Amino acid sequence: MSFSLNFAPGSASWLAALCSSRVLSATWFVAYSAVLPLTQVAWGLSGKEAGMIQAAFHLGYLTSLFIVGFIADHYGAKRAYLVTGVAAWSSPFFFVFFADGFWSAFWLHALTGLCQGGSYTPALALINDNIARERRGRAMGFLIAGSSAGYAVCLLAAGVALQFTDWRGALAVVAALPVLSWFLGLAVLRNTPNLVHPRPAGESLLAALPAVWRNRRGMLSIWAYSCHNWELLGIWAWLPAFLTAALLAQGVGTGEAAALALSLSALTYVANIAGSIVGGTMADRWGRTKTILLWSSVSLVLSFSIGWLMALPIALLVALACLYNFAGIADSSTHSTVLAESVPPHYLGVAYAVRSVIGFGMGVISPVAFGWALDLAGGGKASADANAWGLAWMTLGLGGLLGPLATWKLHRSRN
């Protein structure tokens, strides 16, 4: 007796399974953030050094997204998703077993980032290829929601594991989840065709780079997304540490504060899930750029304010963090949809690659800028000083300011 799973491409079950695969693969993305307060103490890291380790992951990740964009255009999104997935699930174990200080963690986390890109942009391309336009914004929203769910699963899994083991054991638990992701992806894409969109006769793959750069709508979308990434990746890198500091300031013990902060951060990632779905649905019904403008503005207000409010009752602070994560992610899927609808399909992968270099390049810098500001303000070691955290969070707002302006220009532009 044999058992097989068959998913019709573009069906609800196909989308659900693809998003579920994304949930499991995304768990590693915030694994280091989940244990950052513990490794910062164990390795004697400054805030800047702690941010640099996270930045190393983003640097590797943006490099992988750039490479995978070309691979997906040349060989097809399905093939790119499955082949690169092997590296995605195997590389985290090197970090788990061998990271033992700043430099080893820096390079090994960069390696894990370098192996993760195949689970993202090829998945976006698969949705663009297999989902009708009128449902595409919401479908992209579900995929981004899958990422957020993965972050929540990571923090919850790590928080539970820390009750029984140390930070290395908690990371080992998280590292096992991308293995399951790859096998689920293999099942869901079994009957999905591997599409390679033909390029115009005589046009090389590299010719797509200047073509993307000349595409005004595409580049406005990329710049807006990049400012969005500055904020979002900074939030994800530092929110658990911020909540840990807030709990410590309220008299909670160090170990208990770290574990509780992970659980509370996981709750904010549940808000991410809702934000992705609501944002994608709004984009289909209300308009792409209007949705981006609304939520990017809300996110900016919170970037400039949440750090100064860390003395609030923890329930209220977590509620604000939930709104912050909701707003920060609500326009994410819409950025991906806008770019997909602004460039020809035969160089969509390269367009995502260009966006990755710029957008995740800003995401590499923002956690470091945050940590640097925290150090300068005297809060590099889990300080309870609201002034230090307020200044640090403001770096995310300053970097995100130009996003709504680029989106407004995109809104006013015409094809």
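**Starting from a tyrosine**

Reader: What does Tyr225 touch, leaving aside its neighbours within four places in sequence?

Author: Leaving those neighbours aside, Tyr225 is in contact with Tyr120, His335, Arg355, Gly359 and Phe360. Contact here means heavy atoms within 4.5 Å. This is a predicted model, where local features need pLDDT of at least 70 and side-chain atom pairs count only at pLDDT 80 or more, while totals for chains, interfaces and linings use all residues. Residues are numbered from 1 along each chain as its sequence is written, and side-chain values use heavy atoms, with hydrogens and water left out.

Reader: Thanks! And where does Tyr225 sit, and is it buried or exposed?

Author: Tyr225 is in helix α12. Helices are DSSP runs of H or I with at least four residues, strands are runs of E with at least two, and both are numbered from the N terminus. Tyr225 has a relative accessible area of 2%, so it is buried. Buried means under 20% relative accessible area, exposed means over 50%, and partly exposed is in between, using a 1.4 Å probe and protein chains only.

Reader: How far is Tyr225 from Pro404 in sequence and in space?

Author: They are 179 residues apart in sequence, and their C-alpha atoms are 9.7 Å apart in space.

Reader: What about the core? Which residues of the largest nonpolar core touch the most other members?

Author: Those are Trp14, Trp28, Trp236, Phe242, Trp389 and Trp393, out of 128 residues in that core. Helix α12 (residues 216-249) gives the most to this core, with 18 residues. A nonpolar core is a set of buried Ala, Val, Leu, Ile, Met, Phe, Trp, Tyr and Cys residues joined through side-chain atoms within 4.5 Å.

Reader: Can we zoom in on Trp28? What is Trp28 in contact with, beyond neighbours within four places in sequence?

Author: Its contacts beyond those neighbours are Phe57, Pro92, Phe95, Val96, His109, Thr112, Gln116, Leu171, Val174, Ala175 and Pro178.

Reader: New topic: helices. How do α14 and α19 pack?

Author: Helix α14 (residues 288-303) and helix α19 (residues 402-412) pack at about 165°, and their axes are 10 Å apart. That is why α14 counts as roughly antiparallel to α19. Angles over 145 degrees count as roughly antiparallel, under 35 as roughly parallel, 65 to 115 as roughly perpendicular and the rest as oblique. Axes are lines fitted to C-alpha atoms, for helices over the stretch in contact, with angles from 0 to 180 degrees between N-to-C directions.

Reader: Which residues meet there?

Author: From α14 come Thr289, Lys290, Ile292, Leu293, Ser296 and Leu300, and they meet Pro404, Thr407, Trp408, Leu410 and His411 of α19. By class, this contact has 6 nonpolar, 4 polar and 1 charged residues. Ala, Val, Leu, Ile, Met, Phe, Trp, Tyr, Cys and Pro count as nonpolar, Asp, Glu, Lys and Arg as charged, and the others, Gly among them, as polar.

Reader: How does α14 pack with α15?

Author: α14 and helix α15 (residues 314-330) pack at an angle of about 145°, with their axes 8 Å apart. Contributing residues include Trp295 and Leu302 of α14, and Tyr324 and Phe326 of α15. The contact of α14 with α15 divides into 9 nonpolar, 4 polar and no charged residues.

Reader: And where do α2 and α3 come in?

Author: The axes of helix α2 (residues 31-42) and helix α3 (residues 47-75) come within 11 Å and cross at roughly 150°. α2 is therefore roughly antiparallel to α3. Tyr32, Ser33, Leu36 and Gln40 in α2 meet Gly47, Ala50, Ile53 and Gln54 in α3. That contact splits into 4 nonpolar, 4 polar and no charged residues.

Reader: One last stop: α16. Is Thr334 buried or exposed?

Author: Thr334 lies in helix α16 and counts as buried at 1% relative accessibility. Not counting residues up to four places away in sequence, Thr334 touches Gly279, Ala283, Arg288, Thr291 and Ile292. Gly279 is 55 residues from Thr334 along the chain, yet their C-alpha atoms are separated by 7.1 Å.

Reader: What about Ser332, where is that found?

Author: Ser332 is also in helix α16, which covers residues 332-340. At 4% relative accessibility, Ser332 is buried. Leaving aside neighbours within four places in sequence, Ser332 is in contact with Ile144 and His228.
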